[in-house]
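Visitor: I would like to learn how to read a structure like this one. Please take me through it feature by feature.

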Amino acid sequence: MSVRAHAITSSIIPHWDRELLFEILNNIHDVVLVIDSETTIVYANEAYARILGVPVAKVLGRRLDTIETTSAKIIKVLHTGQPSTGQDYVKSLNIHVIGNSFPLFNDKEVIGAVSIFKNITEVVELNSELQRTKGVADYLKEQLEQWEHLPLSFKEYVGQNSRLKETLVLAAKVARTDSTVLILGESGVGKEVLARAVHNSSRRKDKPLIKVNCAAIPEELIESELFGYEDGAFTGAKKGGKLGKFELAHCGTIFLDEIGDMSITMQAKLLRVLQEKEFERVGGTKTIKVNIRVIAATNRDLLSMIEKGTFRRDLYYRLNIVPLKLTPLRERKDDLIALSNTFLDQFSRELGHQLTLSPQVIRFFQEYDWPGNIRELQNVLEHASIVASGMSIELHHLPAHLIPASDERANSREKPFDVKEVVSRVEKELIVSALAAYNNNRSKAMTALGISRRAFYDKLRRYGIDED
C-alpha cells in the first residue's frame with residue numbers, strides 16, 4: 001500500500017507536497033492520528049498499525065466517536081478547542097497511551113484535531129505490578145507489626161481427636177486444588193490457622209495470603225477496602241488511589257473471615273467478583289481481572305440466615321464448594337492436655353522456668369465447657385502463667401471469672417452446706433483477688449481488705465497462699 005493510501009482527501013491536509021509530508025509522518029515513531037470536525041479519521045501514519053496492531057485501512061473513513069466513547073481526549077479537544085496533554089486509555093483496544101492532542105483551526109473555526117501518542121501499556125502494567133508488590137509488602141509489614149502485639153497462636157494443629165483428623169485430611173486434599181473453601185466453626189476454634197495451613201500447602205504458598213475481617217470493616221468502607229479506589233473517588237480518599245485487598249491477593253489467596261457479617265448489598269458485589277474474577281475500583285471505569293483463591297470463614301449458621309433472607313443462597317453455593325467444619329474444644333477434650341502443654345511450653349520459654357498444671361486444674365479443665373474454645377484456653381493459660389509465682393499453676397491462678405466456678409466444682413462433692421467451709425472459700429477468693437488486683441503488693445491488699453497485718457499473714461499461712 002502506498003503512503004498516499006493512508007489519507008482521505010480533506011480540507012485538513014493540504015494538497016502541496018503530500019508525498020513529502022506523508023514521508024515525514026510515517027517516519028515518526030509515535031502514532032499520528034487526524035480527525036475532521038465530524039470525528040472521521042482522515043489520516044493515520046504507519047506507527048498506528050505497528051503500535052496498535054490495527055491496519056490503517058480499517059480505520060480510515062470511520063468515525064472515532066463510534067469506535068471510542070466521547071471520553072477519548074482527541075474528541076474532547078475537538079469539542080472544546082483546547083489542547084490536552086497526558087495519559088489516556090483506549091478502551092476498544094485495551095491499551096494505555098500518552099501524548100498530546102491539539103485542535104486544527106480554519107480562521108477561528110475548529111475543523112479537526114490531531115493526536116500524537118505512544119503506547120505505554122507495558123509501562124502501566126509494570127507500574128501496576130510494582131504497586132501491587134509494594135502494597136503486599138506494606139500489608140505484610142503492617143501485619144507483622146500487629147502480630148507482635150497479638151496473643152500467642154500456634155503454627156500447627158495439635159491433637160489426636162478423630163473428628164479433627166477427618167477435617168485436616170480433607171483440608172490437605174483441597175489445599176492442592178484452587179477450589180473455594182468455606183471454614184465453619186465457633187469463635188476461637190482456629191479458623192484462621194486452618195486457612196493459613198490450606199494456603200501454605202497450596203501451589204500459591206509463595207504468593208500472598210491477604211486476610212479481610214468482614215465484621216471489622218464499616219459498611220461504608222468495605223467496598224473500597226476490597227476493591228480499592230481511584231484518585232478522588234470520595235472525600236478523604238488517598239491521593240493517587242489505593243489498591244484493594246483483591247488486587248493485593250492477585251495470584252495468591254484471599255481469606256474472607258466472618259463472611260456471615262457482610263451486608264446483603266456487598267454479598268451481591270462479592271458474588272460477581274467470585275463468578276467473573278474481575279471488578280472495578282470505586283470511582284473507576286477500568287475492569288481489573290484477578291487470579292485468586294478464595295477461603296471464607298464464619299461462625300454463623302448460613303443456612304438459617306438464608307431462610308431469614310440475610311444471606312444470599314447463590315453466594316452460599318459459590319462459597320460452599322468444599323466445607324471444612326472445625327470441632328469446638330468442648331467436643332475434643334481428648335486434646336486438652338496436649339493443647340495446654342503446647343501453650344505452656346511457649347510461656348515457659350518466655351518466663352525462663354517450666355510450668356505445669358496441678359491435678360485440680362486439669363480436672364477443672366476437663367469439666368469446663370470452654371465457650372471461647374482454643375483462644376479462651378490460650379488466654380486463660382497466659383493469665384495463669386503470669387500470676388503464678390511458682391512452677392505449678394493452681395486453681396487460684398486462673399482468671400477471676402473462673403475461680404468461683406472452679407472452687408465450687410472442687411468443693412461441691414465435699415461439704416456444700418458447711419458454713420465454715422463456705423466462709424473460708426470466699427475469704428480465700430477475696431485475698432487472692434486483692435493480691436492480683438494490686439500486683440501482689442501485700443500492704444495495699446490488706447488495706448483494701450480492711451484487716452490487720454497479723455490477721456492477713458495468718459490467713460495467708462492458713463490458706464497456703466504464701467507458698468504460691
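Guide: Start with strands. Two strands pair if DSSP finds at least two bridges between them. One caution before the cases: this model is predicted.

Visitor: How many bridges join strand β3 to strand β4?

Guide: There are 7 bridges between β3, residues 84–90, and β4, residues 95–106. The two strands run antiparallel.

Visitor: What phi does D107 take in the hairpin of β4 and β5?

Guide: D107 takes a positive phi, near 60 degrees. This hairpin has 2 residues between its strands.

Visitor: Next, charges. How should I read a salt bridge?

Guide: Side chains of opposite charge can pair when their charged atoms come close. The cut-off here is 4 Å between a side-chain nitrogen of Lys or Arg and a carboxyl oxygen of Asp or Glu. The structure holds 19 salt bridges. D178 and R204 form one of them, at 3.0 Å from N to O. This pair links distant parts of the chain, 26 residues apart. D178 sits in the loop between α7 and β6, and R204 in the loop between α8 and β7.

Visitor: Is R204 buried or exposed?

Guide: R204 counts as buried because its relative accessibility is 6%, and buried means under 20%.

Visitor: Which residue forms a salt bridge with E192?

Guide: R196 does, with the closest N and O atoms 3.3 Å apart. The general idea comes from helix geometry. An α-helix has 3.6 residues a turn, so residues three or four places apart point the same way. E192 and R196 both lie in α8, 4 residues apart, about one turn of the helix. Both count as partly exposed, E192 at 24% and R196 at 26%.

Visitor: What is the N to O distance between E278 and R272?

Guide: Their side chains meet at 3.7 Å. E278 is buried, with a relative accessible area of 14%, whereas R272 is partly exposed at 37%. Bridges can also share partners: E38, R63 and D65 are joined into one network that way.

Visitor: Now empty space. How do I look for a pocket?

Guide: Rolling a probe the size of a water molecule over the atoms shows where empty space is left. In this model, the largest pocket holds about 1500 Å³ of space. Its lining has 37 residues, and S128, Q131, L243, E247 and R281 lie nearest its centre.

Visitor: Which element gives the most to the lining of the largest pocket?

Guide: That is α6, with 13 residues. β3, α10 and β10 also each supply at least two residues. By class, the lining has 17 charged, 14 polar and 6 nonpolar residues.

Visitor: What follows α9?

Guide: G228 does, and its phi is positive, near 80 degrees. Compare the hairpin of β4 and β5, where D107 has a positive phi near 60 degrees.

Key. Residues numbered from 1 in each chain as written. Predicted model: local features only at pLDDT ≥ 70, side-chain atom pairs only at ≥ 80, totals over all residues. Heavy atoms only, no water. Buried < 20%, exposed > 50% of the residue type's maximum accessible area, 1.4 Å probe, protein only. 1 Å grid on protein atoms, 1.4 Å probe; cavity = no way out; pocket = protein on both sides within 12 Å on 5 of 7 lines; lining within 4 Å. Points joined across faces, edges and corners; volume = space filled by probe spheres on them. Nonpolar A, V, L, I, M, F, W, Y, C, P; charged D, E, K, R; others polar.
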